Amino acid sequence: MGATRFASPIGELVITASDSGLTGVWFPGKGKVAAARPDDGRGPASAVLARACEQLVQYFARSRTTFDIPLDPPGTPFQRRVWDALRAIPYGTTLSYSELARRLGDLRATRAVGAANGKNPIPIIVPCHRVVGASGALTGFGGGLDRKRWLLEHEGALTTSIL
């Protein structure tokens with residue numbers, strides 16, 4: 001596993017990868033970044049990290065709306081289903097937790113979907129920031145609500161009803 005730091009408009013991110021794919025995008029002070037060793041520039045993990053950085057640059061420049069990086073997040077099968085569903089939420093749109101649960105086939109799983117969303121180790125690329133409360137209100141985000149608001153504004157997803 002390797003790690004690299006990425007300067008973004010919402011603060012420094014630490015990006016981690018295995019030889020199989022991206023394992024995390026962490027905000028300062030969050031996640032398991034201390035355990036990740038700095039990338040040495042060699043091997044499959046290095047290629048994943050370089051590709052992630054390139055695509056994040058494009059995203060923040062508004063020239064990329066989807067990511068096509070191999071992912072290798074640690075998680076349960078249910079969490080992985082939720083994270084896959086998050087990747088299907090289009091750029092510039094939001095979805096409620098209950099709608100996401102309905103799309104996964106079980107409206108009663110709204111709380112479980114919310115918990116899995118909160119454990120997403122690859123924010124931005126797996127766009128958990130696009131999930132909002134049933135009323136459209138901004139709710140929890142590992143990077144803080146200010147960053148969530150910034151990301152949604154960046155994507156043009158915020159409407160006056162959410163502000």
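**Close-up 1. Salt bridges across the structure.** Searching the whole structure turns up 7 salt bridges, a salt bridge being a side-chain nitrogen of Lys or Arg within 4 Å of a carboxyl oxygen of Asp or Glu. Keep in mind that this is a predicted model, where local features need pLDDT of at least 70, side-chain atom pairs count only at pLDDT 80 or more, and totals for chains, interfaces and linings use all residues. Residues are numbered from 1 along each chain as its sequence is written, and side-chain values use heavy atoms, with hydrogens and water left out.

**Close-up 2. Arginine 51 meets aspartate 68.** These two side chains come together in a salt bridge, 3.5 Å from N to O. The pair ties together distant parts of the chain: arginine 51 sits in helix α1, while aspartate 68 is in the loop between α1 and α2, 17 residues apart. Helices here are DSSP runs of H or I with at least four residues, strands are runs of E with at least two, and both are numbered from the N terminus. How exposed is arginine 51? Its relative accessible area is 35%, so arginine 51 is partly exposed; the label covers what falls between buried (under 20% relative accessible area) and exposed (over 50%), using a 1.4 Å probe and protein chains only. Aspartate 68 is partly exposed too, at 42% relative accessibility. Arg64 joins in as well: Arg51, Arg64 and Asp68 are linked in a network of salt bridges.

Close-up 3. In helix α3, glutamate 99 and arginine 103 lie 4 residues apart, about one turn of the helix. Their closest N and O atoms are 3.0 Å apart, in a salt bridge. As a reminder, an α-helix has 3.6 residues a turn, so residues three or four places apart point the same way. Aspartate 106 forms a salt bridge with arginine 108, and here the closest N and O atoms are 3.2 Å apart. Aspartate 106 is partly exposed, with a relative accessible area of 28%, whereas arginine 108 is exposed at 75%.

**Close-up 4. Aromatic rings around phenylalanine 60.** The structure holds 6 aromatic pairs; rings of Phe, Tyr and Trp (its six-membered ring) pair if their centres lie within 6.5 Å, and planes under 30 degrees apart count as stacked, over 60 as edge-to-face and the rest as tilted. Phenylalanine 6 and phenylalanine 60 make a stacked pair, 6.3 Å centre to centre with 20° between the planes. This pair also links distant parts of the chain, with phenylalanine 6 in strand β1 and phenylalanine 60 in helix α1, 54 residues apart. Buried or exposed? Phenylalanine 6 counts as buried at 9% relative accessibility, and phenylalanine 60 counts as buried at 13%. Tyrosine 59 and phenylalanine 60 are edge-to-face, because their ring centres are 5.1 Å apart and their planes stand at 75°. Tyrosine 59 is buried as well. Zoom out a bit and you get one aromatic cluster made of Phe6, Tyr59, Phe60, Phe67, Tyr91 and Trp150.

Close-up 5. Three strands line up in the order β1-β2-β3 as an open sheet with antiparallel pairing; two strands pair if DSSP finds at least two bridges between them. At the edges are β1 (2-8) and β3 (22-26), each pairing on one side only. The twist averages 20° from one strand to the next; axes are lines fitted to C-alpha atoms, for helices over the stretch in contact, and angles run from 0 to 180 degrees between N-to-C directions. Strand β2 (residues 11-17) and β3 run antiparallel, joined by 4 bridges. Look for isoleucine 15, which stands opposite valine 25 in β3. Helix α1 (residues 44-60) packs on the sheet and touches β1, β2 and β3, its direction making about 15° with that of β1; contact means heavy atoms within 4.5 Å.

**Close-up 6. The buried side of helix α5.** In helix α5 (residues 145-155), the buried residues are Lys148, Leu151, Leu152, His154 and Glu155. They span an arc of only 155° around the axis, which puts them on the same side of α5; the arc is that of the directions from the helix axis to the C-beta atoms. What covers them includes α1, α3 (97-103) and β5 (131-132). Just after α5, glycine 156 takes a positive phi of about 75°.
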